[in-house]
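Please read each point with the model open alongside.

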Amino acid sequence: MSSMPNDLSNLIFYVADYYRESVSETVLSFWTSGLAKFSFEDIKTAFENWMMASDRMPKISNIVEILNGTGCDRALAALMKVEKAMDAHGAYATVVFDDPVIHAVIQSMGGWIKSCRQTEYEFTWWKKDFRERYEHCDRYGLPPELPVRLSGIFDQTNLALGEKSQKPVVIGDFEKAIAWVSKLENSALNARQSNRPEIAARTMDGI
């Protein structure tokens, strides 16, 4: 098991020496900060892949792109995840993906129910549109309005009748899904509380 960030610093110095480049302490801090969210083993593999293909010292963005994959790669992986969820759960279930970009794209395409109810011909073009929208959203950021769940037919019907919503099906990494949903809901709550001081006071009293 590696000890970040010392192992990472040593690796960067090694790569710089390989390319006969020098790395200042300031530049090193940018490297360690930019790669902090990735595991050392993955970073090491990314550097090895780069060194086998290029004769110049990489930039941080080069290594991050290898670690994340290209926008096209991520869009294709997201589409495969969505297709699998459609096959497994269909339009009736309410779903939460571990990737908020998927929520943004599906919402922009009419929602989960409409997306699940494509004809075979329509779905061919839907997939192309999905990938293009995903890449755009992935590059330029999420929209200000983002649904934390994609409602299915059961919820659409039951909520209209005043009944409780069903427990959503989490697609992908459960912890990642909980993390982004919680962050979004907390941001929305804080925004409401900042506009309504009396709500904030009641919320604090209830804790």
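A pocket, as the word is used here, is an open set of grid points with protein on both sides within 12 Å along at least five of seven lines, and its volume is the space filled by probe spheres set on those points. The model discussed below is a predicted one.

1. Overall composition. The secondary structure of the protein chain consists of eleven helices and two strands. Read from the N terminus, the order of elements is α-α-α-α-α-β-α-α-α-α-β-α-α. Of the 207 residues in the chain, 33% are buried.

2. Helix H10, residues 174-195, gives the most to the lining, with six residues. By class, the lining of the second largest pocket holds eight nonpolar residues, one polar residue and three charged residues.

3. The largest pocket. The space in the largest pocket is about 290 Å³. Its lining has 14 residues, and those nearest the centre are Lys81, Asp98, Asp99, Tyr134 and Lys176. Helices H5 (71-89), H6 (100-108) and H8 (120-140) each supply at least two lining residues, and the largest share, four residues, comes from H5. Which classes of residue make up this lining? Seven of the residues are charged, six are nonpolar and one is polar.

4. Aspartate 98. This residue, one of those nearest the centre of the largest pocket, is found in the loop between E1 and H6. Is aspartate 98 buried or exposed? Its relative accessible area is 11%, and residues under 20% count as buried, so aspartate 98 is buried. Beyond four places in sequence, aspartate 98 touches Lys81, Ile171, Gly172, Asp173, Lys176, Ala177 and Trp180. Lys81 and Lys176, both in that set of contacts, are also among the residues nearest the centre of the largest pocket. The C-alpha atoms of aspartate 98 and glutamate 175 are separated by 7.9 Å, although the two residues are 77 residues apart along the chain.

5. The largest nonpolar core. In soluble globular proteins, nonpolar side chains tend to be buried together. The largest nonpolar core of this model has 28 residues, and Val82, Phe97, Trp112 and Phe130 have the most contacts inside it. Two or more residues of this core come from each of H5, strand E1 (95-97), H6, H8 and H10. H5 gives the most, with six residues. Setting aside residues up to four places away in sequence, tryptophan 112 touches Val82, Ala85, Met86, Gly90, Ala91, Ala93, Val95, Phe97, Ile106, Leu150, Ser151 and Gly152.

6. The second core and helix H2. A second, separate core has 19 residues, including Ile12, Tyr19, Trp31 and Ile43. In helix H2 (residues 25-34), Leu28, Trp31 and Thr32 are buried. Why do they lie on the same side of H2? They cover an arc of only 95° around the axis, which places them on the same side of the helix. An α-helix has 3.6 residues a turn, so residues three or four places apart point the same way. Phe30 and Ser33, on the other side of H2, are exposed. The partners against which the buried residues of H2 pack are helix H1 (6-18), helix H3 (40-53) and helix H4 (60-68).

7. The loop between H1 and H2. Valine 23 is found in this loop and counts as buried, because its relative accessibility is 16%. With neighbours within four places in sequence left aside, valine 23 is in contact with Ile12, Phe13, Ala16, Leu28 and Met57. The C-alpha atoms of valine 23 and isoleucine 12 are separated by 8.2 Å, the two residues being eleven residues apart along the chain. Arginine 20 has its place in the loop between H1 and H2 as well, but counts as exposed, because its relative accessibility is 78%.

8. A backbone angle to check. Most residues other than glycine have a negative phi. Arginine 20 is not a glycine, yet has a positive phi of about 60°. A colleague may wish to view this residue in the model.

Note on methods
Residues are numbered from 1 along each chain as its sequence is written. This is a predicted model: local features need pLDDT of at least 70, side-chain atom pairs count only at pLDDT 80 or more; totals for chains, interfaces and linings use all residues. Side-chain values use heavy atoms; hydrogens and water are left out. On a 1 Å grid over the protein atoms alone, a cavity is a set of points where a 1.4 Å probe fits but cannot get out, and a pocket is an open set with protein on both sides within 12 Å along at least five of seven lines; lining residues have an atom within 4 Å of a point. Ala, Val, Leu, Ile, Met, Phe, Trp, Tyr, Cys and Pro count as nonpolar, Asp, Glu, Lys and Arg as charged, and the others, Gly among them, as polar. A nonpolar core is a set of buried Ala, Val, Leu, Ile, Met, Phe, Trp, Tyr and Cys residues joined through side-chain atoms within 4.5 Å. Buried means under 20% relative accessible area, exposed over 50%, partly exposed in between (1.4 Å probe, protein chains only). Contact means heavy atoms within 4.5 Å. The arc is that of the directions from the helix axis to the C-beta atoms.
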